[in-house]
Amino acid sequence: MDNPDITRWMELALDEAERAMEGGEIPVAALLVAGDDELGRHWTSVSRMGTLAAHAELLCVLNAENQLWTPARPLRIITTLEPCLMCLGAAMQVGVDEIYFGMRATPDGAISNFGHLLADHASPKVTGGIEEGRSVELMRRLLSEHADHPSAAYVDEMLKAYA
């Protein structure tokens, strides 16, 4: 990706993902950005919150409150992992213009599995592979340093696409 702004935002998301892993979570984080302003950042908090719905992208949208209705555009989500269908749907519902992600999530990624269905719907522009290597490396570190992590089987399945 030749967009230094997106790369800079992704580097911040990756730093946050590393903190997530240090906090016992899967290393996935997202930022919600309007124009040049960060509206929020979150990491996936499935373990801490006790719900499989506690994805980073969804938490960004839920916690942005009335900031989503800003005239500053584009409204973007930058996330270290391809969003699932739930997170993509939430982004569509609140009018996110663009989504940028790091690594593919072949087991349940919305674009990998359902991208062909999105052509007929008003969906955000989605671009993957941003700083992908660093996202993959964080997932590999999770497996090597925390083999008993509750997300280990999911991460192992995801990494098969990168073998």
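**Close-up 1. Helices α3 and α4.** The axes of α3 (residues 56–63) and α4 (residues 85–94) come within 8 Å and cross at roughly 25°. Axes here are lines fitted to C-alpha atoms, for helices over the stretch in contact, with angles from 0 to 180 degrees between N-to-C directions. Helices are DSSP runs (H or I, at least four residues), numbered from the N terminus. This is a predicted model, in which local features need pLDDT of at least 70, side-chain atom pairs count only at pLDDT 80 or more, and totals for chains, interfaces and linings use all residues. Residues are numbered from 1 along each chain as its sequence is written, and side-chain values use heavy atoms, without hydrogens and water.

**Close-up 2. Orientation of α3 and α4.** The two helices, α3 and α4, are therefore roughly parallel to each other (angles under 35 degrees). Their crossing is left-handed (the near helix is turned anticlockwise from the far one by less than a right angle). From α3, Glu57, Leu58 and Val61 make the contact (heavy atoms within 4.5 Å). From α4 come Met86, Cys87, Ala90 and Val94. Six of the contact residues are nonpolar, none is polar and one is charged (nonpolar: Ala, Val, Leu, Ile, Met, Phe, Trp, Tyr, Cys and Pro; charged: Asp, Glu, Lys and Arg; polar: the others, Gly among them).

**Close-up 3. Helices α6 and α7.** The axes of α6 (residues 132–145) and α7 (residues 152–159) come within 10 Å and cross at roughly 135°. The crossing of α6 and α7 is left-handed. Val136, Met139, Arg140, Leu142 and Leu143 of α6 meet Ala152, Val155, Asp156, Met158 and Leu159 of α7. This contact has eight nonpolar residues, no polar and two charged.

Note on methods:
Angles under 35 degrees count as roughly parallel, over 145 as roughly antiparallel, 65 to 115 as roughly perpendicular and the rest as oblique.
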